[in-house]
Amino acid sequence: MKLLSDSETLAENKVLILYILSSSNKPITNDALYSIVTSATDLNYFYFQQFLLDLIDVKYVSCYKKETQDVYEITDSGKETLALTLDILPGIIKLKVDTNFKQNMESIENDQSVVAEYTPLSENEYEVRCKITENGEIVFDIKTYAYSRDQAQNIVSNWKQHASTLYPEILGILTNNN
């Protein structure tokens, strides 16, 4: 794919990004957006990033921080541009996006519902945050400290694997009146 010289391919891929953002009806993370783009077409990650930055520069896409991640959404100018340029996006690509969109979004949302991450504070101290989100809202958030990288990684791994049982147990302990 000769992206630098093929302006039609450049435009098509930018319209694809706008089309997906328009279809999502809510802010979407970079990883989620890229996942949906690659389910419809074979696009190199670095080209994808450049197209996304170009769309942000011309204010067709807005980017802002939501909790700990950058999220993207189409602007009013982007919607107007999409309406004018949608016909350059091949029907087969639109069909792939429409067919796979709901499944991809559900999978991405499920992956994002249990979050665990650690941040080094010093050589032997790490802050660990474990969260559960539903519909983009944090419903449970706990912060603790670990005193080795292995311990921090273990906490993160256990939370990701066992949050569905740990969360009700912790909630039960916190709400117990005895």
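1. Two aromatic rings of Phe, Tyr or Trp count as a pair if their centres lie within 6.5 Å. In this predicted model, Y34, Y45, F46 and F48 form one aromatic cluster by that rule. The count for the model comes to eight aromatic pairs.

2. One of these pairs joins Y45 and F48. The ring centres are 6.3 Å apart, and the planes make an angle of 40°. Y45 and F48 are three residues apart in helix α3, so about one helical turn separates them.

3. How exposed or buried are the two partners? Y45 is partly exposed, with a relative accessible area of 34%. F48 is buried, at 0% relative accessibility.

4. Another pair is Y118 with Y126. Here the centres are 5.8 Å apart and the planes stand at 75°, so the pair is edge-to-face. Y118 is partly exposed at 25% relative accessibility. Y126 is buried, with a relative accessible area of 5%.

5. Now the helices. Helix α2 covers residues 30-40 and helix α3 covers residues 45-57. Their axes come within 11 Å and cross at roughly 115°. The crossing is right-handed.

6. Which residues make the contact of α2 and α3? From α2 come N30, L33, Y34 and V37. From α3 come Y45, F48, Q49 and L52. Six of the contact residues are nonpolar, two are polar and none is charged. Y34, Y45 and F48 take part in this contact and also belong to the aromatic cluster.

Definitions and conventions:
Residues numbered from 1 in each chain as written. Predicted model: local features only at pLDDT ≥ 70, side-chain atom pairs only at ≥ 80, totals over all residues. Heavy atoms only, no water. Axes fitted to C-alpha atoms, helices over the stretch in contact; angles between N-to-C directions. Helix = DSSP H or I, 4+ residues; strand = E, 2+ residues; numbered from the N terminus. Left-handed = near helix turned anticlockwise from the far one by under 90°. Contact = heavy atoms within 4.5 Å. Nonpolar A, V, L, I, M, F, W, Y, C, P; charged D, E, K, R; others polar. Phe/Tyr/Trp six-rings, centres within 6.5 Å; stacked < 30°, edge-to-face > 60°. Buried < 20%, exposed > 50% of the residue type's maximum accessible area, 1.4 Å probe, protein only.
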